[in-house]
Amino acid sequence: FIRETQRAIINRRQFGLPAMLVSTIVPPGDRGKEIETLILRQRRGLDCIWVRESGASRQILLLMPLTGPLEYEGYQKRIAQILRERFGQSIEELELRIMTREITAKQKLDTLLNLND
């Protein structure tokens, strides 16, 4: 994941290729595991995922190469729809914390991966 993220930063610098990094913190417990599974199943071919512990919760980091804010919006709508169909609740009602960052040419890897801040 780190190598792919570094590659995305280089691709932005050298070629202007967009990329997004999305952090989703899911609540602990069975519901959180089910949400995590649903999100992982929505991974596109180029996407790269890293799931890591974040206190009592889990953080899903999703690197989306060749994706800008407009393309991310489509992804977010798809996830929101899937969650609403499955749980009958919105992202906010499910208490998911989702943070996004567009990768820039001057991005530093360590700051980029600290999406909780």
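Predicted model: local features only at pLDDT ≥ 70, side-chain atom pairs only at ≥ 80, totals over all residues.

Biologist: Why is Thr 67 called buried?

Modeller: The term applies to residues under 20% relative accessible area. Thr 67 stands at 0%, so it counts as buried. Thr 67 is found in the loop between β3 and α3.

Biologist: Which residues does Thr 67 touch, leaving out those up to four places away in sequence?

Modeller: Thr 67 touches Pro 18, Ala 19, Met 20, Arg 44 and Tyr 72. With Met 20, the separation is 47 residues in sequence and 5.9 Å in space, C-alpha to C-alpha.

Biologist: What is the term for Leu 66, buried, partly exposed or exposed, and why?

Modeller: Leu 66 is found in the loop between β3 and α3. Its relative accessible area is 47%. Buried requires a value under 20% and exposed a value over 50%, so Leu 66, lying in between, is partly exposed.

Biologist: What can be said of the phi of Leu 66?

Modeller: Phi of Leu 66 is near 55 degrees, a positive value in a residue that is not glycine. Most residues other than glycine have a negative phi. Glu 95 also has a positive phi, of about 60 degrees, although it is not a glycine.

Biologist: What makes Gly 55 exposed?

Modeller: The value for Gly 55 is 70%, and the cut-off is over 50%; therefore Gly 55 is exposed. The place of Gly 55 is in the loop between β2 (48–54) and β3. Its C-alpha atom is separated by 25 Å from that of Arg 3, 52 residues apart along the chain.

Biologist: How do you know that Val 26 is buried?

Modeller: Val 26 has a relative accessible area of 1%, and buried means under 20%, so the term holds. Val 26 is found in strand β1. Not counting residues up to four places away in sequence, Val 26 touches Gly 32, Ile 35, Glu 36, Ser 57, Arg 58, Ile 60 and Leu 96.

Biologist: Why is Gln 107 called buried?

Modeller: At 13%, Gln 107 falls under the 20% cut-off, so it is buried. The place of Gln 107 is in the loop between β4 (97–102) and α4 (109–112). Beyond four places in sequence, Gln 107 touches Ile 9, Arg 13, Arg 101, Glu 102 and Leu 112.

Biologist: Which residues of the largest nonpolar core touch the most other members?

Modeller: Of its 18 residues, these are Ile 35, Met 64, Tyr 75, Leu 83 and Leu 96. At least two residues of this core come from each of β1 (19–26), α2 (30–41), β3 (57–65) and α3 (69–87). The most is given by α3, with 6 residues. Nonpolar side chains tend to be buried together in soluble globular proteins.

Biologist: Which residues is Ile 35 in contact with, leaving aside neighbours within four places in sequence?

Modeller: Ile 35 is in contact with Val 26, Leu 83, Phe 87, Leu 94 and Leu 96. Apart from this core lies another, of 12 residues, among them Ala 8, Ala 19, Cys 48 and Leu 113.

Biologist: What pattern does the protein chain follow along the sequence?

Modeller: The chain has 4 helices and 4 strands, and the pattern reads α-β-α-β-β-α-β-α.

Biologist: How many of the residues count as buried, as a percentage?

Modeller: Of the 117 residues, 40% count as buried. The protein chain exposes about 6800 Å², and carbon and sulfur atoms supply 49% of it. Among contacts between residues at least 6 apart in sequence, 68% join residues at least 24 apart.

Terms used: Residues numbered from 1 in each chain as written. Heavy atoms only, no water. Buried < 20%, exposed > 50% of the residue type's maximum accessible area, 1.4 Å probe, protein only. Contact = heavy atoms within 4.5 Å. Core = buried A, V, L, I, M, F, W, Y, C linked by side-chain atoms within 4.5 Å. Areas by Shrake-Rupley, 256 points an atom, 1.4 Å probe, with all protein chains shown as cover.
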